[in-house]
Amino acid sequence: MNKQSGPITALYCRLSQEDAREGESNSIANQKAILAKYAKEKGFRNTQFFIDDGFSGVVFDRPGFLSMMEGVKDGTIKTIIVKDHSRLGRNRLIIGTLLEEEFERYGVRYIAIMDNIDSDKGLSDLVPMQDLFNEWHAKNTSQKVRSVKHAKGNAGIPMTSSAPYGYRKDLADKRKWLVDETAAAVVRKIFALCMNGKGPTEIARILTAEKIPTPREHFESQGVNIGARLPLLPGHWSGDAVAKILERPEYLGHTVNFRTYRKSFKLKKKLLNDPSEWKIFENTHEPIVETAVWERVQEIRKGKRRPVRSGKTSLFSGLVYCADCGQKLYFHTRADESQNSFNCSSYRNGSQNCTAHYIREVTLFNLVLMHLRRVLAYVKQFEDIFVKTVCEKSAGEQAKAIAEKHKAVALHQKRSSELDLLFQRLYEDNVASKISDERFLKMSATYEAEQSHLKQETEKLQAELATEKQTAVNTERFLSLVKSYTEIDALSPAILHEFIEKIVVHAPDKSSGKRRQKIEIFYNSVGIIDVPDEDEMVEYFKQRKARRTAEQAQQKIKTA
């Protein structure tokens, strides 16, 4: 207000969103008017306003407050005046430190007009109580706001302040999201590149090279502030930004609430909830990505592929597993590319529990391509046999899995009962002084830990059994995929990820004097497909012809 030499009198104003709802009395304009009038009447000169509009009183990284405290520490500010004490803040611990230590250390006079507080006259013993009430007010307000947000979240109303990249808010109803075609095209491109075997970092490089605006830059061009930082270099995409897009269920047309939470109303930082805590409302807006594509990308992301030292990756990286230990097979490159190979990661890391399971990439390529061609020909020509065989096999495997889970539950319960008896005997031995207290505590802790683990595993298995259903595998999706290809001349990342879930490599067998190696190919939606040989197909047709002849004869008898 007055640009004069000498110490500055700071007139501090703060307004939070919650305070704004309480009326005009707390408005920045009203605070400024009261502070200016008071300063003039009391003869305070060289005044300067410091304002924080829209900032909560429980946090202190407010720009206006920080700027004012810089003046306090360099000695240019000697007086601070606020409308009421709660304007300074609503965190009793920090406010107490400011009044009793910081302001005293730097010789700053503090005045809260409406609360009749003036540090030159001494601070009343009631001030700490007032700080406590101010904090309680902030806590109570926070709880009310949280309850409202929680109710909205449970009702399926999006809790995010802005729509995800690829969408925009409907101007007529801001709770609805509409597809932003410009950004949606980029989202689809990102998913397509991932299906083609590109990782987030590689995709980010492609988008950067094509000078596609980042999500932050796109929103900025639309006049939408999402609070994220602009990239240091214009148009520079990061791998993390791409990975987040690839993992968002919102692109399926779903609303996802309760992704984050705060530990306390005093803490501004948001923490990530476990995905099991999310609440997902399906089909709330138009999808950008097809379900099959999104699900396949999630499978690809589970087997994240990293380039080897040479910078190369294989088509099969992240898809090949060891049949014995279940670990992935690592890709190794050689100067002669025909010698590039896969080896068991357990064996490579020095484990004695597995062998190399060595298989050359070119061998794997030829085997998979040959089997995929045979599968396509078989499924197209004998669709009815394929569907029947896969469904019967699926039902049998599922029944076997259910039986194994029931067996595991029974074993866990039996062992838990044994531990109860052991603990009882242990207690009796301790009472009879047969074992020391130290020994008793150590052994009982071991038993309790084992019993606790058994209880958790049992509950998990029982929950799985409760929701288990005898359902057929999704043959329709696989059939639709097969029909979309006339033939496959060569393997590509897109074809590989569309058809194949994983490849399991067994250890080589040299018992016959020749090196033989078994691999199992698990196809998406249907698992392992055993393609019948020519003799099996001839036998099948004979049986089908005989069955149809018998049915026709039976029909003639009924008609007669």
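# A guided tour from Leu126

Select Leu126 to begin: this residue is exposed, with a relative accessible area of 61% (exposed means over 50%, buried under 20%, partly exposed in between, with a 1.4 Å probe and protein chains only). The model is predicted: local features need pLDDT of at least 70, side-chain atom pairs count only at pLDDT 80 or more, and totals for chains, interfaces and linings use all residues. Residues are numbered from 1 along each chain as its sequence is written, and side-chain values use heavy atoms, without hydrogens and water.

Leu126 lies in the loop between β5 (117-118) and α5 (127-154) (helices, H or I, of at least four residues and strands, E, of at least two are DSSP runs numbered from the N terminus).

**The whole chain.** Zoom out to the protein chain, which has 17 helices and 18 strands. Of its 560 residues, 37% are buried. The chain exposes about 33700 Å², and carbon and sulfur atoms supply 51% of this area (Shrake-Rupley method, 1.4 Å probe).

**The five-stranded sheet.** Next, select β5 and its neighbours. Five strands form an open sheet in the order β2-β1-β3-β4-β5, with mixed pairing (two strands pair if DSSP finds at least two bridges between them). At the edges stand β2 (47-53) and β5, each with a single partner strand, so one side of each has no neighbour in the sheet. Strand β4 (residues 109-112) runs antiparallel to β5, and two bridges join them. Pick Ala112 to find its bridge partner in β5, Ile117.

**The four-stranded sheet.** A second open sheet has four strands in the order β12-β16-β17-β18, again with mixed pairing. Its edge strands, β12 (320-322) and β18 (527-528), each pair on one side only. Three bridges join β12 to β16 in parallel, and Val320 has Ile503 in β16 as its bridge partner. Five bridges join β16 to β17, which run antiparallel; here Ile500 stands opposite Tyr523 in β17. Tyr523 also stands opposite Gly527 in β18.

**Helix α10.** Now select residues 291-302, the 12 residues of helix α10, which reaches 17 Å from its first C-alpha to its last, close to the 16 Å expected at 1.5 Å a residue (1.5 Å times one less than the number of residues). Its buried residues are Trp294, Arg296, Val297, Gln298, Ile300 and Arg301. Among the elements they pack against are α6 (181-195), α7 (200-209) and β16 (500-505), with contact meaning heavy atoms within 4.5 Å.

**Salt bridges.** The whole structure holds 16 salt bridges (a side-chain nitrogen of Lys or Arg within 4 Å of a carboxyl oxygen of Asp or Glu). Show Glu210 and Lys189, whose closest N and O atoms are 3.4 Å apart. Glu210 lies in the loop between α7 and α8 (215-221) and Lys189 in helix α6, so the pair ties together parts that are 21 residues apart in sequence. Glu210 is partly exposed at 42% relative accessible area, and Lys189 is partly exposed at 30%.

Move on to Arg216 and Glu220, a salt bridge with its closest N and O atoms 2.6 Å apart. These residues are four apart in helix α8, which means that about one helical turn separates them. Arg216 is buried at 12%, whereas Glu220 is partly exposed at 42%.
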